[in-house]
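Colleague: Hi! Could you walk me through this one? I'd like to hear about how its parts meet.

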Amino acid sequence: MASSSSSSSTQVKKITLKAADGKHFEVEEPVAMEMETVKSFFVGNEDAMKDMVVPLLNVSSEHMPAILDFYRNHSEFRKRTPPPPAEEVKAFNEAFLENKSDEQLMEMIMAANFLNTKELLNFLTEAAANRIKNKSVEYVRAFFGIENDFTPEEEARIRAENEWAFDGLDED
Amino acid sequence: MSDIPPPIIVDILSRLPVKSLCRFRCVSKPWLVLINHPRFAKMHLARTHNQRILFHKRNSLNSLYTVQLETLSYLRNSIPVEIKLPGNMEFDRDYTFGHVIGSCNGLLCIRDVIALKGFLLYNPSTKECKTIQDVIQNEMIGFGYAESIDDYKILKILWAANGVRVVKVYSLRKDSWISIPRDIDFGFYASKSGLVSVNEAIHFVTYYYERPTVITAFDLVEDKFKTIPLPPDFMLDKFKFSIKIGHLGGCLCLSIRTDSTSKELWVMKEELWVMKEYGVSGSWTKILRTKPDDMRSRLLFPICYLNNNETILLRREMTKLMFWDSEYEEFKNVEISNAQDELIVDNVYVESLVSPNRINGFTNEDNENNEELLGYWLTKKTMECEEKNVVYAFGPFSNCRLDFRERFGTNSVYVT
């Protein structure tokens, strides 16, 4: 479904992005400008810096293709008239998250935060919330890398006060 | 992975159901502090809207029943969940109707509970409650929230055959009752049930002998009465059998039964009006009118809009629920699994973390180090409140609202 309309029309300007591990990605300008961090890099220097490589310190090359794919598809969804059916957007979003580990999801959240794109960040934080909502306390600690700083007595007391909230959890 | 910026954790947590958050109080001390903080409760409320319909059963004295709004359907049965009153409390058997006076931000205001001289503020989603001492008398009672002063109030009007005797108001923030001057004519009759809270005021319909019927409103910010007009020329055309006041989508609404004769046939019609702009008489708009011969549409009362804002959930004759599809102008019955007694539709409420005990901040029973632990969430000071496009600085002493751009400006991008 993803079209490559650029071939037929005039040459689309490309911007080079450098991932945290040094790998370069050539990206069409409108897609790159979806990222506020990249956009702000060029503000006031549109001409002088057009050939510069934009360093993305917090984004590993592992996640760059998926993230760019998200921007390409979602900007296409936004532009399309009539708007795409909800099922099509949902199918893309589900496929995007498929086979992503919790760790990969959190890394992408950090990347989206750094790239300062609200749409991707909202989508990923919503996905994280869905992953943990029916999980145990232990799972959530591991998910966020949080240390339990309660004494056993304190934890037992708070657990007892909220006992009803521990019903019907998914397996970790 | 503990290098995740706190605002991102706050963002993720604000998307979780209340039950998950109650469980995650056990994750760590900073999480407990965050989840218990009134400002996080507000942020969560601004983002998640899990609404539930509340019912009671005539013979069930210690339970209420709820169904998630999203699961309601005309195609299949929804199964109600039982919620017990806290601490083995029971409703007074002598009052079998209308124990739940109202709901605001997930808090229910409940009356007529045995062993409790007064009111119960109960959050069924977190199971937290607070009792408010008072002496119950024959009275009109309303419950409302005033956002600008962040306070929940109970309005109590003692009504006698010869008129209003005393008006009292309870403020949750002050945790006390005050008396209010009776500086308005209460007419000869006012509807004693179903006082409605919208727009920082509590409303009821008031009837006079030689003056038009009006809506009387008690302003929760000013603690004063005022009047809200009904639609223009409203009482002139036909005899209004009954006027019931409600709220729909944050607006006042009226459910009106009109009696008329047409071709020597007695005709009863029902209409639903919404006041689109609060206080503006000309903004009353008729949004629904039943066909005179449609037996399915009797004694209708609006509950809420569904998420698409085109379907209205209505109560019919106290015990039945229906959808009104405004596009196709048709009713559909909503099926509720109803094993024994009849379920009586009470109200709609939203799942929230709002605590009746923490409106002023932390309680003495909370951990002493709370203020210190808040520092963890203060490191990147801001909490986004998405729906309102404003940011609340997070912390016990900060109350500033930052422009949306400041949060998403280039300076606040996290670079490690």
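Modeller: Happy to. One definition to start: a salt bridge here is a side-chain nitrogen of Lys or Arg within 4 Å of a carboxyl oxygen of Asp or Glu. Please keep in mind that this is a predicted model.

Colleague: Thanks. Which domains does the assignment give for chain A?

Modeller: The assignment gives domain 1 (11-132) and domain 2 (137-166) in chain A.

Colleague: And how far apart are the C-alpha centres of domain 1 and domain 2 of chain A?

Modeller: Those centres lie 35 Å apart.

Colleague: What area is buried between domain 1 and domain 2 of chain A?

Modeller: About 470 Å² is buried between domain 1 and domain 2 of chain A, and carbon and sulfur atoms give 79% of that. On the domain 1 side, A:Asp102, A:Met106 and A:Ile132 supply 87% of the area buried against domain 2, more than any other three residues.

Colleague: Back to your definition, then. How many salt bridges are counted between domain 1 and domain 2 of chain A?

Modeller: The count is zero salt bridges. For polar contacts, the rule finds one residue pair across the interface, with both residues at pLDDT 80 or more.

Colleague: Okay, which helices supply the side of domain 1 that touches domain 2 in chain A?

Modeller: Helix H5 (102-115) and helix H6 (118-132) of chain A each supply at least two residues of that side. H5(A) gives the largest share, three residues.

Colleague: What about the classes of residue on that side of domain 1?

Modeller: Four are nonpolar, none is polar and one is charged.

How values were computed:
Residues are numbered from 1 along each chain as its sequence is written. Chains are lettered from A and ligands numbered from 1 in the order in which they are written. This is a predicted model: local features need pLDDT of at least 70, side-chain atom pairs count only at pLDDT 80 or more; totals for chains, interfaces and linings use all residues. Side-chain values use heavy atoms; hydrogens and water are left out. Domain bounds come from an automatic or database domain assignment. Buried area is the accessible area (1.4 Å probe) that two parts lose on being put together, summed over both. A polar contact is a pair of N or O atoms within 3.5 Å; within protein, one must be able to donate a hydrogen and the other to accept it, and residues adjacent in sequence count only if both atoms are side-chain atoms. Helices (H or I, at least four residues) and strands (E, at least two) are DSSP runs, numbered from the N terminus. Ala, Val, Leu, Ile, Met, Phe, Trp, Tyr, Cys and Pro count as nonpolar, Asp, Glu, Lys and Arg as charged, and the others, Gly among them, as polar.
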